[in-house]
Amino acid sequence: MTQASTIEAESGTTPAPGNSRGEAPGTVVIDAVTKRYGDATAVDGLSLTIKAGEFISLLGPSGCGKTTTLRMIAGFEQPDAGDIRVSGRSLLGVPPYRRDVNTVFQAYALFPHMSVAENVAYGLQQKRTPKSEIRERVIDALDLAQMRGFADRKPTQLSGGQQQRVALARALVNRPSVLLLDEPLGALDRQLREEMQLELKLLQSRLGITFVFVTHDQGEALSMSDRIAIMRNGGIEQLADADTVYARPASAYVAAFVGQQNFFRGRAAEGGGAVDSTHALVRGATPASPALREGEAGLAAVRPEFVRIEAAAGDAASDAVNTARGTLLGVSHLGETMQYLVRLGDDQSLIVRRPTPEAPQVSVGDAVVCSWRPESVLLFPADDAASDGGFVAPPTA
Amino acid sequence: MRRRLPGFLLAAPAWAWLTIFFIAPVAMVVWFSFGYKPSIFATQATDKLSFDRYAEVLTPTFFATFQNTLWVGVVGTVLCFLIGLPVAYWMAVKAPPSKRGLLVALVMVPFWTNFLVRTIGWQVILAPEGVLSTMLQGVGFEPLAILNTRGAVLIGVVYNYLPLMILPLFVAFDRVNGPLREASKDLGAGKLTTFFRITLPLAQPGIVAGVLLVFIPLMGDYITATVLGGAKGNMVGQLVASQFQTAQNWALGSAMAVVLIFVILLTAAAGAILVWLVSWPFRARNRLVIGTAPAAASVPVREEVAA
């Protein structure tokens with residue numbers, strides 16, 4: 001990878017003028033930033049420190065403020081309050097064309113009247129780079145993005161994935177200290193998307209550039225990020241690495257948004273260590289955080305892969321803890337896992353996922369018993385907005 | 001089972017219309033222009049064909065009128081472009097999107113009044129004893145002496161044709177969407193560079209449309225020029241009309257019309273070549289051709305199937 005070396009070598013030593021705070025080049029500090037549009041607050045007192053060379057994802061549904069945050073780092077929006085610093089230098093009032101950051105846009109935003117090479121050269125031309133050097137660096141960047149052979153084509157002659165690579169090359173050729181990516185994989189089909197995820201991650205760790213990745217796709221965030229900031233209503237709900245976010249979500253909202261959950265709604269029981277819902281008494285191994293008081297409305301969450309399923313033996317009604325009885329509504333083959341949809345009652349279904357080799361012998365219409373261990377239960381105070389996304393709607397048929 | 005009709009039938013009504021009411025009359029005009037006026041009571045005859053009418057057209061008197069027409073046409077179009085461009089850009093890019101419909105409607109407002117009435121309105125305003133002149137004299141200026149000059153003609157031309165320039169430019173700027181301009185700034189280009197390298201080149205079809213939409217009718221227009229320019233407002237259109245209506249010499253009128261068509265085509269072509277030549281150094285500076293990759297040095301390129 002000789003082509004990559006020129007970009008690699010210099011990105012780590014980018015000088016940071018005016019760095020008086022001891023923040024390393026490539027560090028992004030968002031300090032109590034607020035952004036309003038009329039009455040609506042898009043970003044609400046957000047504070048976030050992104051380490052140099054880190055791959056961070058801003059994850060959340062549309063309207064959570066993730067794109068606004070990215071656009072403020074890029075300079076397309078100005079914060080109403082707070083400060084944004086890159087490499088220790090405040091960017092307040094600095095126009096986008098004087099910032100040491102580059103963006104990969106959602107729809108790529110390639111210039112249709114220029115060839116691929118001219119698109120990539122555009123940023124260098126603005127910095128009055130000598131022509132011979134432009135040529136060299138454009139070729140390097142296109143090699144890095146594996147688009148060398150398409151250099152003289154127009155963007156309209158490329159597929160979505162190829163345009164994506166050109167957009168990446170066009171941003172990286174400038175050797176920014178921070179690369180901003182605004183849902184760049186959203187328009188690609190699934191297979192290509194997964195391939196690009198891997199490539200992006202490899203590229204990022206090789207170049208050592210700070211990547212700020214905005215997405216609403218939790219799978220993307222989980223697979224690439226060093227840390228994930230899960231955003232809600234203009235603030236950060238949880239900031240942690242993928243393992244923590246998945247295994248120990250800070251709230252029902254995070255639990256619902258990252259991966260799939262079965263939620264049980266009910267009243268806190270056993271001193272806050274369990275939730276008593278219509279269909280099961282769900283007991284956790286660890287108490288709820290934030291704590292649940294006895295009798296308070298609570299939510300218990302169990303991931304589908306932690307639930308076991310078996311045919312109900314006889315009609316002896318079992319009222320055991322962490323057990324629910326129901327009827328098997330459907331089975332779908334997901335490849336490495338089998339997914340079962342169990343109807344517990346009119347208002348609740350349960351999703352169960354088992355590895356295909358361990359698939360139990362149950363068929364649609366059977367009475368089944370589902371059970372799970374207290375270690376896999378997460379308890380939260382009730383949160384309407386969160387559980388909307390996680391509840392499995394009862395099938396009407 | 002329905003039979004599929006060929007797609008060109010969709011254009012058939014338009015073709016029929018154009019053939020009957022545009023191509024045929026133009027062909028007749030060209031045909032008449034080679035004829036002559038046989039007697040006082042006949043308008044044209046084509047039993048003997050010659051280029052004599054063209055020789056008549058190209059005499060110094062007519063030549064001066066052509067010159068004047070071309071001057072008004074070119075200067076008027078350039079003024080409309082220079083004035084319309086910032087307005088269209090502002091409407092499409094800077095104005096709040098919710099107000100754009102209203103702005104477009106406001107640009108159209110002059111069209112609600114008759115063309116001639118609007119032009120005569122300017123005569124009232126610009127007359128030496130008119131409103132504007134009286135007001136200016138009130139603050140110590142000389143009586144306004146602009147009516148019956150080329151200046152007055154240009155005022156009227158810009159007023160009458162500006163909407164025809166603004167609308168296509170607006171559509172063109174509106175189509176160059178925000179992300180492209182943002183990408184340009186993101187890559188370090190300031191506002192001017194972004195305008196000249198991204199917005200303007202991508203708005204090119206709209207610019208061509210606007211320029212032609214103003215220039216072509218303007219070359220044939222003589223009402224604006226006669227009403228506001230008086231003796232200084234001699235336009236070819238006026239000569240053509242008087243040959244057809246007053247002098248009843250259709251042959252000469254046709255020859256003038258044909259020459260006018262050629263002048264318009266040549267001027268448009270000259271303008272295009274000029275723009276191409278002037279912009280050539282800039283385009284050459286930013287051109288970058290990489291060529292095919294040397295086999296040894298390159299990473300194998302992955303061919304993806306278009307999504």
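# A tour of chains A and B

Start with chain A: 46% of its 397 residues count as buried. Buried here takes 20 or more other C-beta atoms within 10 Å of a residue's own, exposed takes 12 or fewer, and partly exposed lies in between, with C-beta atoms placed from the backbone. This is a predicted model, in which local features need pLDDT of at least 70 and side-chain atom pairs count only at pLDDT 80 or more, while totals for chains, interfaces and linings use all residues. Residues are numbered from 1 along each chain as its sequence is written, and chains are lettered from A and ligands numbered from 1 in the order in which they are written.

Colour chain A by secondary structure. It has 10 helices and 20 strands. These are DSSP runs, numbered from the N terminus: helices are H or I with at least four residues, strands are E with at least two. Of the contacts in chain A with a separation of 6 or more, 69% are between residues 24 or more positions apart. Contact means that two C-beta atoms, placed from the backbone, lie within 7 Å.

## Stop 1: the sheet around β14(A)

Select residues 297-302 of chain A. This is strand β14, and five of its six residues are buried, so the rest of the structure largely encloses it.

Two strands pair if DSSP finds at least two bridges between them. Pick Arg265(A): its bridge partner in β14(A) is Leu299(A). Then pick Asn262(A), which stands opposite Val302(A) in β14(A).

Next, select residues 377-381 of chain A. This strand, β20, runs antiparallel to β14(A), and five bridges join them. Look at Leu378(A) in β20(A): it stands opposite Ala301(A).

Show the whole sheet. It is open, has five strands in the order β13-β12-β11-β14-β20 (chain A), and its pairing is antiparallel. β13 (281-283) and β20 of chain A are at the edges with a single partner strand each, so one side of each has no neighbour in the sheet. From one strand to the next, the twist averages 40 degrees. Angles run from 0 to 180 degrees between N-to-C directions, and axes are lines fitted to C-alpha atoms, for helices over the stretch in contact.

## Stop 2: a second open sheet

Move on to the sheet with the order β15-β19-β16-β17-β18 (chain A), which is open, with five strands and antiparallel pairing. Its edge strands are β15 (308-311) and β18 (348-355) of chain A, each of which pairs on one side only. With direction ignored, neighbouring strands here are turned by 40 degrees against each other on average.

Zoom in on residues 367-371 of chain A. This is strand β19, which pairs with β15(A) in the antiparallel sense over four bridges. Val368(A) in β19(A) is the bridge partner of Ala311(A).

Stay in this sheet and click Gln339(A). It lies in strand β17 (residues 337-345) of chain A. Gln339(A) counts as partly exposed because it has 16 C-beta neighbours inside 10 Å. Beyond its neighbours within four places in sequence, Gln339(A) is in contact with Ser332(A), Leu334(A), Ile351(A) and Arg353(A).

## Stop 3: where the chains touch

Show both chains. Here 27 residues of chain B are in contact with 38 residues of chain A. On the side of chain B that touches chain A, α8 (178-186) and α9 (191-202) of chain B each supply at least two residues. α8(B) gives the most, with six residues. That side of chain B divides into 17 nonpolar, five polar and five charged residues. Ala, Val, Leu, Ile, Met, Phe, Trp, Tyr, Cys and Pro count as nonpolar, Asp, Glu, Lys and Arg as charged, and the others, Gly among them, as polar.

Now click Gln126(A), in helix α3 (residues 116-126) of chain A. It has 19 C-beta neighbours inside 10 Å and therefore counts as partly exposed. Not counting residues up to four places away in sequence, Gln126(A) touches Leu187(B), Gly188(B), Ala189(B) and Thr193(B).

## Stop 4: a helix pair in chain B

Finish with helix α10 (residues 204-220) and helix α13 (residues 250-286) of chain B, which pack at an angle of about 150 degrees with their axes 10 Å apart. α10(B) and α13(B) are therefore roughly antiparallel, a label for angles over 145 degrees; under 35 is roughly parallel, 65 to 115 roughly perpendicular and the rest oblique. Show Leu212(B), Phe215(B), Ile216(B), Met219(B) and Gly220(B) of α10(B) with Leu260(B), Ile264(B) and Ala268(B) of α13(B): these make the contact. They divide into seven nonpolar, one polar and no charged.
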